[in-house]
Each structure stands twice: as C-alpha cells, then as structure tokens.
Amino acid sequence: MTTLESTPPTPAATNYLTHTRGFLSWAFTLDHKRIGVMYLVSVLSSFLVGGIFALLVRTELIAPGETIMGQDAYNKAFTLHGAIMVFLVIIPSVPAALGNFVLPIMLGAKDVAFPRLNLFSYYLWVFGAFFLVAAIFQGGLDTGWTFYAPYSTEDARSGVILATTGVFILGFSSIFTGLNFIVTIHRLRPPGMTWFRMPLFLWSIYATALIQVLATPVLGITLLLLIVERVMKVGIFDPALGGDPVLYQHFFWFYSHPAVYIMILPGMGIISELISVHSHKHIFGYKFIAFSSVAIAIFGFLVWGHHMFTSGQSGLMNAVFSAITFSVSIPSAIKVFNWLATMYKGSISLNTPMLYALSFLFIFSIGGLTGIFHGTLATTIHLHDTYFVVAHFHYVMMGSALIAMIGGLHHWWPKMTGRMYSETLGRIGCIIVFVGFNVTFFTQFMLGSKGMPRRYHDYAGETWSPELTELFHTYHFISTLGSYLMAAGFFLTAGYLLHSLVKGRKAPSNPWGGRSLEWQCTSPPPHDNFSSAPTVGDCYDYSVLEWDDAEGGYRWREDVPHPV
Amino acid sequence: MLLRTLTSLLSSGARVDTGDGFWLPPQASTYSQGIDWVFYFIYWICVFFFVLIVALMILFVWKYRRTSVTHQAGETVTHHTPLELTWTIIPLILVIAIFWIGLDGYVDMIRPPANAYEVNVVAQRWNWSFEHRNGAQDSQILKVPAGRPVKLVMTSQDVLHALFIPAFRAKQDVVPGRYTTLWFEAKEPGLYQLFCAEYCGTQHSQMGATVAVYPPDEFDEIIAKDARWLDNYTDENLYQAGLRIFARCSSCHSLQEEVRLTGPSFWDVHDDFGKKRLMEGDYEADIDENYIQDSILNPQKDIVATYQGVMPTFQGALKPREVRAMVEFLKRLDEVVDRQGNPIE
C-alpha cells in the first residue's frame, strides 16, 4: 500500500523546474525529469521538421506531374521524412522522453540507476541528430531511410556516410537508455513492488529496453560495414565488388524489424495506463498484457525476413518467416481484447488522453489487421512496396505509436509542467488529428491495392497508362487534403499546450485519478521525487481514491486507513 | 504516346483496365483469382474483428460513461483466464488457417510450368530491356502471348529494381549479380501496366513499361518479325532505324529541342556535329562519329561540361549495326523528326 507521507510536506515550495536555475543547471543536469523534458523538446522539434517534409511529399503528390519539386528533391524529402521520423522521433519519443520522466517516479525512485549515462545518452542523441541534419546540408540523402545497398554505396551518394554515422551514434544513445532502464527496473523497485505489481507501462518499457540493447548493435555493425565498403571499397554488399545486396537487407531488418517493436511496445504500455486510469477501473488481465509485451519482444527478433518476401530469398525461407510472423499477431490481439475488457463496466471519462487511447484502439486495430495481408504469402507479393504497405506502417508507427505518445503526453502533461491545458481544445485537437489521419492513410490502402508503388515522385508520364494516372490522382488528392487537416490538428495541439504553460490552471497532484506512484508526488514533482522510498500496493486499485473539489483532483479516501 | 502507338498494334484497341471497386486491379493472370480469394478471405475476417472491436468500444464508452466524480466502476473482476485463453486461441486458429491458404496460393506463384516461354529481362536505371530467345528485343514493351505460361529471367546492371505487374499480382526484385525469376500466364490479350517497385533513384517513378498480351498466333508472328526488324533497312536508310532504337534512350534523352532530361537532347548532339565542345576536365573534343560511338559504348570517356557522367554503357546491349544506325540517326536527325520530336513522313 502507498503512503501519502512519502510526498514532501510543503508541496509547492520547490519543484524540479525551480530547484536550480540557469542554462547550465539544465545543460549539466543529472535529474531524469529534466533530461526527459530536454528529450521531449528535442523530439517534438524533430517531429515538426519531419512533419514539414511529410507535407512537402504530400503536396508534391496532390496532382500528377511536377507540382512543387523535381524528382531528386522529392527523393530527398521522403528520405529525410522517414529518417527523421524513425530515428529522431518515434524511437526516442516514448522511452527516452516520456519514459525518462515517468519511469523512476513510477518506481518511487529518486532517479534512474545511472544518471550520468542518462545525460550522456541525451548528448549522443544531439550529436547523432547533428550528423543527420548535416547530411541535409551537405547535399542531401536520397536512399530512403533503409539505405539499401548497392544504391547507398555508390560514390554519388555523398550524404550517406554522414547520415549513417549519425544513425550509428543515435543507436548508442538508444542502447544506453535501454541499459539504464533495465538496471533501474531490476535494482530500484521500492519495497513491495514485485514484478507483477509494476505498472504495465514499465513492463512495456522493460521489454523495449531488451530489444534496444540486443538489436541496436546489429544496426551499428551494419552501418559500419556500409561505411567500410564505401570508404575502403571492401566488397560486402555491392556485387560489383563481390558483395551481396540481399545480405544487407538481412542485416538491416534484423535490427529494423525489432525496432518496429521499440516503437510500438512503449505506446502499448501507455495505452494500458490510459485506458485503466480514465476508465477508473482495474486493468483486466494484467499478466496476459505483461507477458504479451515480452512475447512481442521475443517474436520480434524472429520475423525480419518478412520484409524480404520479394527480395529473391528462397520460397522455403519465405514460408518460415510467414509462419513466425503470424505469431506476433497473437499477443497484439490479446492486448486489444484486454483493453476492451478493462473498459467493460468501467466509469469512463472522455478526457483528452482517453480520446487518444480510443483513437489508438481504432487505428491500431486497422494497422494490426492489415498486417495479416502482409504476413500472408499469397497476398503480400502483390502488396509489397506499394502504398498498401505505406498505409499499414503509418497506421502502426504514426497512428498507433505516435498517437499513444501524444496521448501519454496529455496524460502526464500536468505532472511534467504543473499546468492543465484546455480540455475542450484538447478534445477538438484529438478529433481533428484522428479524422485527418484516417483520411490521409486509409485512401492509401486502396491506392496500394490498385498497384501504386511507394517512393514515386509522380504517377504520370511517358510510361504511365492514363487510366491509372486518373485513378491514382483521385486517391492522392484526398490523401493530401487529409494530411493538411492532420497538420492543422497538430498545430492546434501545439498551440494550446504552449498556451497552458503560461495561462494554464495549476495542476493538482492527481488530476485523472491515477493510482501509480507518479500521481502521489506534487505536480510538478520535487527534485528528489520522494523523500523516502514509498511502499506500494495494487497500482490499478482505484477504490481508495476520491474526488476532492477544493483541489480539482483526486486524493486518498478519508475512510480508508492510510497504509504505513 | 507510347500507349497510343501500341494500341494500333493490338486489334482489340485496348485500354488499361483499372478494375472495379475500391480494391485490387482486374484479374489478368491465371493465379490472380486465387490470390484475390485469399485477399477477400482475410479482408472479411478483418472487417468482422474491426467492427466487433469498434462496436464494443463505442458501446462501452456510451454505456459506462462517467456520470459524476463519485461514479465507481461496476465490475471488479481483474482477470478471467478461460476468457483470455479464448481470445488467444481463436485468433491463433484463424492465423494458422490464413497462413496455410496463403502458403498454398504462394506455391503456385513460385513454380513456373516446365513449358514456360522464357524472356530475359535486364533492368538498368531507368529502363527495362526484354530479350526474347529468337533475338527480338524491346524496351518499355513486354510482349507476351495469352494463354501460355511466361517465365521472366531477370537481372540488374546497377542497383536493385523490382518488376511489378499489378494486374497479374506478380512482383519480384531484380538484383545485380544474381538472377531472379518470375512467371505468370496472362488470360486475355490486352494492355497492362508494369512498374519498377524497388526504389532506384531519380527517375524511379518513370521506370515503367507496358505489358502487351497478344493472341498466341499473332504473338509468334510479331516476335518473328521483331527479330528481323533491322533487316528491313538497307545501309542507305539505316538512319531511320534509329527512331525505334531511341525508345531505349528516351528515359534520359529527348527528341525535343528545348527539353533537357538527365542527358542532352539529341538535337544538341545533332546541332553540334562537326564542331568542338568543352568537356568536363576543361579540354575540347570533336563531336564526330567516333564521339557518338564512344558515348554509347564507353560513355565515361568524354563528358560534355555541365553534365554528370551517369550514362551506363550499351556495350553488348546494342548490336554493332544498331550502334551504326544510332550514329547515322544522330547525324541526320533533321531528316527523321522535327524539332518538337514528331516524325517526318
């Protein structure tokens, strides 16, 4: 059971934001909360840049023919959109930004196990991002975020070395964060918090950290080999030098498929928290959800070959990878049904975070179910490398992973900033993003099934049949309009969140009625989080909380004895 | 333009059919029907589960909405193992079934019948070359017979490409340094779109071609004629043959005076013939017959200033007589086309 005594006696006196002041107090901070906030600002800035590239890509495709940019510019734009969104936004968004802030507090700890390593991870991220951005200015990068050889090893691709060096460094940032979280969860759990009393968010972060530590080195090695081939002309991937381009794909996807789960697992963890807290009901099937995270992490290592069904690998390999791929769908299905069962007979408040969680359920269902078409050999051959895949992975990576991240951001925003945002604007923003997202990407399923290949600058020209140009134009046009709507939703969201920092109502300790430990410190938390290690009970038992009108939040019930 | 010339080749006067409904192109190959069956089988399972999930979600949100801050959850069961096993096992059985029918359909797609008609395919940025056994060769048009299995034996001269014919549900990466194969049997004569589906750089979206499916008799006739097409030209009118060979140059060169693609317009070469031009590396070279022949067979030798040396060699890809035809064609371009690229009759 939890103690209220563990929170400091004078809540508003000083918090982590006001504890020390000045630029250097942030630049050299070892406080996980400040590092989390720095990650958050960096990740959201990258999201803006990646989003601008996305809008450029969509605008180019609004009509056949060259609309706003030429072929080479388009190829650079979609490459940077992908590389920035994957490496700088989605991968660090939940673990490094939200995880850094929330994880130690959820554990009732003062900080992560290795605060200095944590700060080092952040600067590695900045350093890696710098290289990636330098590649833009150096003349651009047009290989796609996958850097497929032998295209990427040609001399003309001058940006590749800078960009892969950047991704290599970002990889180490990710490994160190994962390592830090694994040790923190093993060593810093408070008395009473057994493995099965941890909030499910921590399970998902733990499973993610395992993937980060085990898979990311392979990416590092692969990119290093790419650089070795380019610089020293050692034949590894380029057939002209005696290498094998399909080998590159094996290496790359051995990391990058698990990386998909680095992106989605923490999002699933957030959704488990959001749905339970905002339904004011105990999570249903805790162990099934926890183990399904671990199962996804394990199966995720065995399915990389499903990115290579048309690469020329043997039919037998394709059959094996197809079979294992389906194993990943089961834990995902379990989670969805358990979330629904959590809502059953709950007391569901439609706060902004809950709206994002519901959006996630809707979008992830589509994203997950359309994965079946890609796992099934007969259908995947036709759909591979078409917009059907583009739609599918945006439903999973953007519509699920990022929507969950934004839901989590709204959930923990009062805790991080000490301010409440406008609920009305929050709900409107969520609905606009939701509608815009589906308009943008659902049309792309149809586009892809009709045969539109991905990474195409244009859908008209000498070699194009006019009938297809006409058909694809309709879908592309609708999709682009959807992307503008989505952008409007995000700008609105950014607007009211920033506004809340200045004008927002002061946040209570527990605005939503959450039971995990972070809701028991003040908002924002004090520098040390807790003055002494708190003891914990069932973090999904909400019956001990009641609404407090004076504070505008939840508090421990008077008639329930405080645990010691 | 290409399609219009092709349409006259085909007695049917066909258009590319985009198929009915929201999903999938028409079923133009023998195995496409089976694949679409699997697609719709999965599709309806997905629709069922999606509707179930969203319906329950909306129902719960409405029925169990929080009416006041003192409202409590009405149910305290925290887990129910048999129920959870149910929604583990039912999806498991379903995906095993889906895997199996998917595998079954796939096995048909990767086993070409022994009597398949073979076409060699060479992919080279941003052009497809289709070579028939009898020596007939096309680019941008893959000619195949209807009702006979066709096997494509493919390789790439540079980076990864992928040959994709949506109406046939056929796709296979084309990899440098190795051969990959693909087979299909087109059901009906007609025209179908072919795409490059693996990203290959600047003009990736223009690396398309048309699949022209002929009735079997007509096909044999056309291919036989194609193999001998250059014999129809004498040394005197060989220059006119260049217009047809030009199809293989058209992704990077234009016949319009004002249009500069990756490489120079052929009018630039024609107009400079007999003069000197400044080359990359700051020296001058004569634009003569040798220069044109070198540009085709050894393109990196002399590169005109302001251009990048990105042209691949056509050594071995063009027969000596075809190279001669191209040299004559460039010299006498004004006798074949006007400055907008329209043929002069």
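The largest cavity in this predicted model is lined by 17 residues, and F87(A), I91(A), P92(A), L170(A) and S174(A) are the ones nearest its centre. A cavity here is a set of points, on a 1 Å grid over the protein atoms alone, where a 1.4 Å probe fits but cannot get out, and lining residues have an atom within 4 Å of a point. Three elements of chain A give two or more residues to this lining: α3 (71–106), α5 (159–187) and α6 (200–232). Of these, α5(A) gives the most, with six residues. Helices (H or I, at least four residues) and strands (E, at least two) are DSSP runs, numbered from the N terminus. The lining holds eleven nonpolar, six polar and no charged residues. For these classes, Ala, Val, Leu, Ile, Met, Phe, Trp, Tyr, Cys and Pro are nonpolar, Asp, Glu, Lys and Arg are charged, and the others, Gly among them, are polar.

The space inside the largest cavity is about 140 Å³, where a volume is the space filled by probe spheres set on the grid points, which are joined across faces, edges and corners. The whole structure has four cavities of 30 Å³ or more.

A few notes on reading the names and values: residues are numbered from 1 along each chain as its sequence is written, and chains are lettered from A and ligands numbered from 1 in the order in which they are written. Local features need pLDDT of at least 70 and side-chain atom pairs count only at pLDDT 80 or more, while totals for chains, interfaces and linings use all residues; side-chain values use heavy atoms, with hydrogens and water left out.

Now to the surface. I431(A), V435(A), V439(A), F477(A), I478(A), L481(A), Y484(A) and L485(A) make up a nonpolar patch, with about 620 Å² of accessible area together. Such a patch joins nonpolar side chains (Val, Leu, Ile, Met, Phe, Trp, Tyr) within 5 Å, using residues with over 30% relative accessible area and no salt bridge. The areas come from the Shrake-Rupley method with a 1.4 Å probe, and for residues only the protein chains shown count as cover. Two helices of chain A, α13 (423–449) and α14 (466–503), each give two or more residues to the patch, and the largest share, five residues, comes from α14(A). One member, F477(A), sits in helix α14 of chain A and is partly exposed because its relative accessibility is 38%. Buried means under 20% relative accessible area, exposed over 50%, and partly exposed in between (1.4 Å probe, protein chains only).

Next come the charged pairs. Side chains of opposite charge can pair when their charged atoms come close. With a salt bridge taken as a side-chain nitrogen of Lys or Arg within 4 Å of a carboxyl oxygen of Asp or Glu, a search over all chains finds 25. Here are three of them.

| Salt bridge | N to O distance |
|---|---|
| E423(A) and R427(A) | 3.4 Å |
| E257(B) and R339(B) | 2.7 Å |
| K331(B) and E289(B) | 2.7 Å |

E257(B) is in the loop between α5 (242–245) and α6 (266–272) of chain B and R339(B) in the segment after α9 (333–336) of chain B, so this pair ties together parts 82 residues apart in sequence. K331(B) lies in helix α8 (residues 320–331) of chain B and is partly exposed, at 28% relative accessibility. E423(A) and R427(A) are four residues apart in helix α13 of chain A, so about one helical turn separates them. A network of salt bridges also links D138(B), K143(B), D226(B) and R244(B).

Finally, the backbone. Most residues other than glycine have a negative phi, and most peptide bonds are trans. Against that background, the bond from S523(A) to P524(A) is cis, with omega near -10 degrees, and the bond from R125(B) to W126(B) is cis, with omega near -15 degrees.

Note on methods: 1 Å grid on protein atoms, 1.4 Å probe; cavity = no way out; pocket = protein on both sides within 12 Å on 5 of 7 lines; lining within 4 Å. Patch = residues over 30% accessible without salt bridge, like charges linked within 9 Å, V, L, I, M, F, W, Y side chains within 5 Å.
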